[in-house]
Each structure stands twice: as structure tokens, then as C-alpha cells.
Amino acid sequence: DIVAGIAIIHLGALLAPFTFTWPAFWLFIGLQALTAMGITLCFHRLLAHRSFQVPKWLEYVLTVCGSLALQGGVIKWVATHRVHHAFSDRPQDPHSPTRGFWWAHMFWLFAYDEIIDNPTKYVRYAPELARDPVHQFLNRTHVLYAFIVGAVLYAWGGLPFLVWGLFVRTAFVYHGT
């Protein structure tokens with residue numbers, strides 16, 4: 001459930017003052033850059049707008065980086081963004097600022113939208129991704145990568161790395177996006 005996931009990320013981020021270390025902070029900076037690149041460079045510019053091309057293997061690696069933002073599967077993310085551009089600031093725009101700051105920032109995530117929440121419909125806006133078996137797999141398994149990264153971070157640097165590398169980073173990306 002999206003509410004529970006967002007709540008867990010923010011509750012985990014509240015541990016930041018109690019787990020601060022410089023290595024954990026620098027890990028946060030590095031992973032934040034990687035995750036932001038995955039969203040802005042890959043999900044947004046490369047996949048949603050097709051502004052440039054990269055080899056397929058790099059596209060898939062960047063897609064995993066974007067998946068670390070926990071903003072939904074790549075196909076849904078791209079479809080949502082394309083719907084946003086197709087209907088900018090009109091009633092069909094899923095996160096139009098004309099409905100207020102809080103709607104555009106986050107409330108839109110909690111409302112069911114027939115176009116972007118129904119996989120049989122949102123694939124209409126991202127058909128090339130919906131046909132790609134690797135993107136289908138990455139879309140289905142996007143949450144798994146956060147668990148893997150979380151386990152690796154905890155094994156590597158304990159609670160500080162987990163808190164700063166997963167929870168603080170993800171909350172920061174949520175509000176920065």
C-alpha cells in the first residue's frame with residue numbers, strides 16, 4: 001500500500017539525527033545523486049520524453065537506479081508523466097498544480113485514477129516500454145531493489161547506512177521530485 005510505504009520511509013528518516021555519521025552522510029549524497037539521475041535522466045528525459053538514446057543495457061541499469069526512488073514501476077511512472085503532458089493543467093492531468101500545492105505535491109498519489117492506476121490503460125501511454133520484457137520485469141519488481149539495497153547497506157554499515165542510504169535518501173527524493 002502506498003500510504004504505508006510512504007509512512008515507513010518518513011518514519012525511518014526520523015531516525016536520521018540519532019544515526020548521523022559522516023560516512024553515512026556521504027553515502028546519502030552518493031546514492032541521492034544516483035537515484036536522482038535514475039529519475040531525472042532515465043525515467044524523465046530518456047524514457048518519458050525520449051530526448052536521447054543509450055545502449056539498451058545502460059537504459060536498463062539506469063532504470064534500476066530510477067526504481068530506487070520508490071516512485072512506482074517504470075512503465076507506470078512514464079505513463080503518468082506522459083498523461084501529465086498530454087493534459088497539462090486540465091482535469092485529466094493527474095498532478096496538476098491548479099488543484100493546489102498539496103494535490104500536486106502528494107495528494108494525487110492517494111486518489112485512484114482510471115488511466116494511470118489501471119495497467120491495461122496506462123500501457124497506452126508507454127507502449128514501447130510495455131512491450132519490452134526487461135522493462136516489464138523491472139516494472140513488476142521495482143520495490144525489490146529497495147529491499148536489496150537496504151539489506152546491503154545494513155550489512156555494510158549498520159543502522160546509520162540503512163537510515164541515511166535508504167530512508168533519508170528516499171524521503172529527500174520524494175520531496176525533491
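## Largest pocket

In this predicted model, the largest pocket has a lining of 43 residues. Those nearest its centre are Ile2, Leu70, Gln71, Gly72 and Leu109. The volume of the largest pocket is about 1500 Å³.

By class, 23 of the lining residues are nonpolar, 16 are polar and four are charged.

## Helices that line the pocket

Helix H1 (2–13), H3, helix H5 (74–86), helix H6 (101–105) and helix H10 (142–176) each contribute at least two residues to the lining of the largest pocket. Of these, H10 gives the most, with ten residues.

## Packing of H3 and H4

H3, one of the helices that supply the pocket lining, spans residues 22–48. Its axis comes within 7 Å of the axis of helix H4 (residues 56–67), and the two cross at roughly 120°. Because of that angle, H3 is oblique to H4. The crossing of H3 and H4 is left-handed.

On the H3 side, the contact is made by Leu34, Thr35, Met37, Gly38, Ile39, Leu41, Cys42, Phe43, Leu46 and Leu47. On the H4 side, Glu59, Leu62, Thr63, Cys65, Gly66 and Ser67 take part. Sorted by class, the contact between H3 and H4 has ten nonpolar, five polar and one charged residues.

Definitions and conventions:
Residues are numbered from 1 along each chain as its sequence is written. This is a predicted model: local features need pLDDT of at least 70, side-chain atom pairs count only at pLDDT 80 or more; totals for chains, interfaces and linings use all residues. Side-chain values use heavy atoms; hydrogens and water are left out. Axes are lines fitted to C-alpha atoms, for helices over the stretch in contact, and angles run from 0 to 180 degrees between N-to-C directions. Helices (H or I, at least four residues) and strands (E, at least two) are DSSP runs, numbered from the N terminus. Angles under 35 degrees count as roughly parallel, over 145 as roughly antiparallel, 65 to 115 as roughly perpendicular and the rest as oblique. A crossing is left-handed if the near helix is turned anticlockwise from the far one by less than a right angle, and right-handed if clockwise. Contact means heavy atoms within 4.5 Å. Ala, Val, Leu, Ile, Met, Phe, Trp, Tyr, Cys and Pro count as nonpolar, Asp, Glu, Lys and Arg as charged, and the others, Gly among them, as polar. On a 1 Å grid over the protein atoms alone, a cavity is a set of points where a 1.4 Å probe fits but cannot get out, and a pocket is an open set with protein on both sides within 12 Å along at least five of seven lines; lining residues have an atom within 4 Å of a point. Grid points are joined across faces, edges and corners, and a volume is the space filled by probe spheres set on the points.
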